[in-house]
Amino acid sequence: MGDTWVQSLISAIAAVMAAAQPMVPPTPIAGQPPAQVRKAGNWVGSWATAVTQADRTGLSATGVANTTLRQVVHLSVGGNSVRIRLSNRFGTRPLVVGRTTVVPSKVTAGATPTVEILQILPLTFKGKPAVTIPVGADVISDPVSLSVAEDSDLVISTYFPSATGPLTQHPAGYATAFSAYGEQTTGGGAQYRKIPGMARFVVSEVDVRGSAKGALVLFGDSITDGAASPMDRNLRYPDQLADLLLLRGVGALNAGIAGNRLLANAGSSGEAAIGRFERDVVRRTGVQAVVVLEGINDIRLTRGAISATQVIAAHRQLIARAHAAGLKAYGATLTPYWASAQYTVGGEIARQAVNQWIRTSGEYDGVVDFEAALRDPKSPLQLLPAYDSGDHLHPNAVGFTAMAKAFDLNLVG
């Protein structure tokens with residue numbers, strides 16, 4: 001990279017920063033209480049995933065009938081009561097759920113989740129075991145008294161008696177899901193078979209009631225989602241950060257979607273971040289704050305056609321919405337992507353300008369410098385080779401560890 005390119009980069013960053021004047025704080029939304037008030041009852045999100053529309057092929061596209069789906073979620077904080085959220089946000093017909101059960105279990109990675117039958121607990125919805133979820137809606141189960149440990153697994157089995165049509169999903173769950181014919185919500189495990197792929201279906205959140213102070217949402221794209229993370233190992237950066245947040249009594253909720261963008265809807269890669277922020281951040285149970293790591297896909301997939309100014313404007317929208325809901329918003333710097341697919345000099349200039357704004361504008365309540373944590377000191381435009389998954393864009397599990405350690409726990413008290 002010659003001196004001319006470096007000077008162009010410096011000039012471009014200076015121009016963007018000159019245009020990025022401080023934003024006037026937004027007026028709070030009428031009738032929207034602050035986050036501290038909304039946490040009444042001490043319910044806190046312990047696990048979550050951001051949902052999308054079905055893929056064009058596979059189980060999410062075809063749906064199921066007279067089938068039980070069994071899924072394993074890894075909780076962050078523990079508690080003495082549990083409730084779950086089921087989503088038909090992207091369904092095409094009302095979704096009939098015949099029965100749902102939960103049971104704590106430590107599952108061997110990828111193995112059929114054999115559980116203790118006598119520990120299985122049924123869930124109800126307004127006192128009934130079955131519920132019909134309208135198109136575009138979610139439902140939350142009634143609370144059930146159940147002690148769940150922090151950093152533990154919860155097995156959720158959901159029976160669908162009739163044809164569901166396309167299922168609301170999370171495509172890149174990096175977890176094995178299972179299915180069994182018929183009503184097997186109280187089955188021990190032998191009836192189940194692995195579902196190809198790594199998607200999650202319908203289940204979108206698990207809340208617990210206990211001593212946790214609140215939850216932190218990790219909002220982003222494939223890097224937050226855990227691209228290149230080993231299956232069933234819970235080694236994404238939000239998982240590893242969750243272990244550290246336990247020291248502060250705070251839950252961690254992963255709201256990453258692979259391929260997600262700030263400014264464009266992307267099918268099974270999710271609605272634009274500015275469109276899904278309310279559902280995936282503000283409405284999460286007990287949320288106190290959010291870490292935003294978004295924008296690299298807007299930059300690289302348009303090969304620099306999306307400017308830093310546009311990305312910054314989108315970030316400002318997210319900050320305003322977080323603050324209006326009484327939440328703290330922390331900006332995460334965009335990580336290096338030199339030598340990856342869709343890399344361009346124009347995109348690099350935009351990335352650097354966005355990072356400069358995140359670090360220096362003061363508009364976020366705090367900064368999480370993931371770029372500094374992951375870049376190669378000898379060649380700072382690229383990932384440190386030890387952290388590179390191989391595509392020069394996504395960190396590996398060791399890189400995710402570095403990201404988790406880059407978060408200042410003092411930001412959550």
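## Cavities

How many cavities of 30 Å³ or more does the structure hold? There are two. This is a predicted model, where local features need pLDDT of at least 70 and side-chain atom pairs count only at pLDDT 80 or more, while totals for chains, interfaces and linings use all residues. Residues are numbered from 1 along each chain as its sequence is written, and side-chain values use heavy atoms, with hydrogens and water left out. A cavity here is a set of points, on a 1 Å grid over the protein atoms alone, where a 1.4 Å probe fits but cannot get out; lining residues have an atom within 4 Å of a point. Points are joined across faces, edges and corners, and a volume is the space filled by probe spheres set on them.

Sorted by class, the lining of the largest cavity has ten nonpolar, nine polar and six charged residues. In that sorting, Ala, Val, Leu, Ile, Met, Phe, Trp, Tyr, Cys and Pro are nonpolar, Asp, Glu, Lys and Arg are charged, and the others, Gly among them, are polar. The second largest cavity holds about 30 Å³, and its lining consists of Asp221, Ile223, Leu293, Ile296, Leu334 and Thr335. By class, that makes four nonpolar, one polar and one charged.

## The chain overall

Now for the wider view. The protein chain has eleven helices and 22 strands; these are DSSP runs numbered from the N terminus, with helices (H or I) of at least four residues and strands (E) of at least two. Of its 413 residues, 56% are buried, where buried means under 20% relative accessible area, exposed over 50%, and partly exposed in between (1.4 Å probe, protein chains only). Among contacts (heavy atoms within 4.5 Å) with a separation of 6 or more in the protein chain, 81% are between residues 24 or more positions apart.

Eight bridges tie strand 2 to strand 10 (residues 153–160), where Val155 stands opposite Val72. Four bridges link strand 2 (residues 67–74) to strand 12 (residues 178–181); in strand 12, Tyr181 is the bridge partner of Thr67 and Phe178 that of Arg70. Eight of the eight residues of strand 2 are buried, so this strand is largely enclosed by the rest of the structure. Side chains in a regular strand alternate between the two faces of the sheet. In strand 2 both faces are covered, with Thr67, Leu69, Gln71 and Val73 buried on one side and Thr68, Arg70, Val72 and His74 buried on the other.

## Nonpolar cores

A nonpolar core is a set of buried Ala, Val, Leu, Ile, Met, Phe, Trp, Tyr and Cys residues joined through side-chain atoms within 4.5 Å. The largest one contains 102 residues, and Leu154, Leu216 and Phe219 have the most contacts inside it. Helix 8 (residues 308–324) provides the largest share of this core, seven residues. A second, separate core of five residues includes Val72, Val115, Ile120 and Val155.

Which residues does Leu216 touch, leaving aside its neighbours within four places in sequence? Among them are Leu241, Leu245, Val250, Ala289, Tyr330 and Phe407.

Helix 6 (residues 273–282) is mostly covered, with eight of its ten residues buried. The buried ones are Ala273, Ile274, Arg276, Phe277, Arg279, Asp280, Val281 and Val282.

The loop between helix 4 (222–225) and helix 5 (237–245) contains Ala228, and Asn234 lies in the loop between helix 4 and helix 5 as well. Ala228 has a positive phi near 80°, in a residue other than glycine, and is partly exposed at a relative accessible area of 42%. For Asn234, also a residue other than glycine, phi is positive and near 55°; Asn234 is partly exposed, at 23% relative accessibility.

How values were computed:
Pairing = 2+ DSSP bridges. 1 Å grid on protein atoms, 1.4 Å probe; cavity = no way out; pocket = protein on both sides within 12 Å on 5 of 7 lines; lining within 4 Å.
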